[in-house]
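Biologist: I'm new to this one. Can you walk me through it?

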Amino acid sequence: MTRVRLAEADDRDWIDECHRVVRFELSDERAELHAIAEVDGDRAAVGRILRIGPGRVELGGMFVDPRHRGRGLARSIVTFLLESVVDPTIYCIPFSHLVGFYESFGFRPLEKDEAVPELVAKKVSECEQAFPEGVALLVLERPGTSTGAP
């Protein structure tokens, strides 16, 4: 049986280890939510929401244990996290080959000339250097909302 839940304090070491495996930044004080997918009671996948600023968050930190890939766990976590936040603007910096996956949730690629918060621009630059396989910058803007300039 599969379920997605909010992370608890005793999940922290496991979450950090997952992020180390894929060379992601460990969560800091901006981490709003961590979601964990379990398969038959075992932790199998994780994702997070990071606060960027008022009305803006980043969806990221996605990791699925290789033993559990192909079960829709990443989709379940993204759905859970998107349903858990009310922020009108959600950024995502996925590996390039995952753009289509995030577009299926309504994310769209940002153009190079579109303004983004400084934290997001800095992270994109860092990811481009750290991950030669390539990353993309996506945004989900919920209908009927506006956040103004970054």
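Modeller: Here is a quick tour, from the sheet to single residues.
Modeller: This is a predicted model, where local features need pLDDT of at least 70, side-chain atom pairs count only at pLDDT 80 or more, and totals for chains, interfaces and linings use all residues. Residues are numbered from 1 along each chain as its sequence is written, and side-chain values use heavy atoms, with hydrogens and water left out.

Biologist: How many strands form the sheet, and in what order?

Modeller: The open sheet has 7 strands, in the order 1-2-3-4-5-7-6, with mixed pairing. Helices (H or I, at least four residues) and strands (E, at least two) are DSSP runs, numbered from the N terminus. Two strands pair if DSSP finds at least two bridges between them.

Biologist: Which strands stand at the edges?

Modeller: Strand 1 (2-6) and strand 6 (108-109) do. Each has a single partner strand, so one side of each is left without a neighbour in the sheet.

Biologist: What packs on the sheet?

Modeller: Helix 1 (residues 12-21) touches strand 2 (31-39), strand 3 and strand 4. The direction of helix 1 makes about 85° with that of strand 3. Helix 2 (residues 73-84) also packs on the sheet, touching strand 1, strand 2, strand 3, strand 4, strand 5 (89-92) and strand 7 (138-141). The direction of helix 2 makes about 145° with that of strand 2. Contact means heavy atoms within 4.5 Å. Axes are lines fitted to C-alpha atoms, for helices over the stretch in contact, and angles run from 0 to 180 degrees between N-to-C directions.

Biologist: Which residues of helix 1 are buried?

Modeller: Trp14, Ile15, Asp16, Cys18 and His19. Their cover includes strand 2, strand 3 and strand 4. Buried means under 20% relative accessible area, exposed over 50%, and partly exposed in between (1.4 Å probe, protein chains only).

Biologist: And His34, buried or exposed?

Modeller: His34 counts as buried, at 11% relative accessibility. His34 is found in strand 2.

Biologist: What about Glu58, buried or exposed?

Modeller: Glu58 is buried, with a relative accessible area of 5%. A polar contact of 2.9 Å joins the side chains of Glu58 and Lys123. A polar contact is a pair of N or O atoms within 3.5 Å; within protein, one must be able to donate a hydrogen and the other to accept it, and residues adjacent in sequence count only if both atoms are side-chain atoms. Not counting residues up to four places away in sequence, Glu58 also touches others, including Arg48, Tyr91 and Ile93.

Biologist: How many bridges join strand 7 to strand 5 and to strand 6?

Modeller: 4 bridges join strand 5 to strand 7, running antiparallel. Ile90 has Leu140 as its bridge partner there. 2 bridges join strand 6 to strand 7, also antiparallel. Arg108 is partnered with Val139.

Biologist: New topic. How much space lies in the largest pocket?

Modeller: About 610 Å³. Of its 32 lining residues, the closest to the centre are Phe24, Met62, Phe63, Phe95 and Leu98. On a 1 Å grid over the protein atoms alone, a pocket is an open set of points where a 1.4 Å probe fits, with protein on both sides within 12 Å along at least five of seven lines; lining residues have an atom within 4 Å of a point. Grid points are joined across faces, edges and corners, and a volume is the space filled by probe spheres set on the points.

Biologist: Which element gives the most to the lining?

Modeller: Strand 4, with 7 residues.

Biologist: Where does Arg23 lie, and what is its phi?

Modeller: Arg23 lies in the loop between helix 1 and strand 2. Its phi is near 65°, a positive value in a residue other than glycine. Most residues other than glycine have a negative phi. Arg23 is exposed, with a relative accessible area of 52%.
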